[in-house]
Amino acid sequence: MVSAKTKVINPQGLHMRPAQLFVTEMNKYQSEVSIVFNGKPINAKSIMNLMASCIKQGSEIEIQCTGEQESEALAAAVKLVESGLGDM
């Protein structure tokens, strides 16, 4: 397992379009991807789980990846979150 902490900078947080973009990207990798927010793990390959988590701008999250392609998935996830998820 690999993990990294980052901060959500997207003004919308992880809702609708940013969440869909994140899920679409993470589903390209053959690894489990979770976001730990407020101490709870969230399946980062599920649009419904991400939207239900209410992750807002400024939230600190930990991204965890386990399995095949875990390093690549983590790098892509962190880059995506830190780039603003397409809305900056």
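# Reading a sheet and its helices

Me: How many disulfides does the structure hold?

Reply: The structure holds 0 disulfides, a disulfide being a pair of cysteine sulfur atoms within 2.5 Å. This is a predicted model, in which local features need pLDDT of at least 70 and side-chain atom pairs count only at pLDDT 80 or more, while totals for chains, interfaces and linings use all residues. Residues are numbered from 1 along each chain as its sequence is written, and side-chain values use heavy atoms, with hydrogens and water left out.

Me: In what order do the strands of the sheet stand?

Reply: Strands of a sheet pair through backbone hydrogen bonds, in a parallel or an antiparallel way. Helices (H or I, at least four residues) and strands (E, at least two) are DSSP runs, numbered from the N terminus. Two strands count as paired if DSSP finds at least two bridges between them. Here 4 strands form an open sheet with antiparallel pairing, in the order 1-4-2-3. Strand 1 and strand 3 (40-43) each have a single partner strand and stand at the edges, so one side of each has no neighbour in the sheet. On average, neighbouring strands of this sheet are turned by 30 degrees against each other, direction ignored; the axes behind that angle are lines fitted to C-alpha atoms, for helices over the stretch in contact, and angles run from 0 to 180 degrees between N-to-C directions.

Me: Which residues stand opposite each other across strand 4?

Reply: Take its two partners in turn. Strand 1 (residues 2-7) is joined to strand 4 by 6 bridges, and the two run antiparallel. In this pairing Lys5 stands opposite Glu62 of strand 4. Strand 2 (residues 32-37) pairs with strand 4 over 5 bridges, also in the antiparallel sense. There, Val33 has Cys65 as its bridge partner, and Glu32 stands opposite Thr66.

Me: Is strand 4 mostly covered or mostly open?

Reply: Burial is read from relative accessible area: buried is under 20%, exposed is over 50%, and partly exposed lies in between (1.4 Å probe, protein chains only). Strand 4 is mostly covered, as 5 of its 7 residues are buried. Cys65 has a relative accessible area of 0% and therefore counts as buried.

Me: Which residues of helix 1 are buried?

Reply: They are Pro18, Ala19, Phe22, Val23, Glu25 and Met26. Seen down the axis of helix 1, these buried residues fall within an arc of 165 degrees, so they line one face of the helix; the arc is taken from the directions between the helix axis and the C-beta atoms. Strand 2, helix 2 and helix 3 (70-82) are among the elements that cover them. The face turned away from the buried side carries the exposed residues Met16 and Arg17.

Me: What is the phi of Met16?

Reply: Met16 has a positive phi of about 40 degrees, although it is not a glycine. Met16 belongs to helix 1 (residues 16-26), and it counts as exposed because its relative accessibility is 55%. Cys54 is another non-glycine residue with a positive phi, about 55 degrees. Cys54 lies in the loop between helix 2 and strand 4 and is partly exposed, at 39%.

Me: What does the side chain of Thr6 make a polar contact with?

Reply: A polar contact is a pair of N or O atoms within 3.5 Å; within protein, one must be able to donate a hydrogen and the other to accept it, and residues adjacent in sequence count only if both atoms are side-chain atoms. The side chain of Thr6 makes such a contact with the side chain of Glu82, at 2.9 Å. Thr6 is in strand 1 and counts as buried because its relative accessibility is 7%. Contact in general means heavy atoms within 4.5 Å. Beyond its neighbours within four places in sequence, Thr6 is in contact with residues including Ile61, Ile63 and Val81.

Me: Which backbone oxygens does the side chain of Lys45 reach?

Reply: A polar atom of the Lys45 side chain lies 2.7 Å from the backbone oxygen of Tyr29, and the side chain also reaches the backbone oxygen of Ser31 at 2.7 Å. Lys45 sits in the loop between strand 3 and helix 2. With a relative accessible area of 23%, Lys45 is partly exposed.

Me: Where is Ser53, and is it buried or exposed?

Reply: Ser53 is in the loop between helix 2 (47-52) and strand 4 (60-66). Ser53 counts as buried because its relative accessibility is 15%. A polar atom of its side chain is 2.5 Å from the backbone oxygen of Leu50. Not counting residues up to four places away in sequence, Ser53 touches Phe37 and Ile42.
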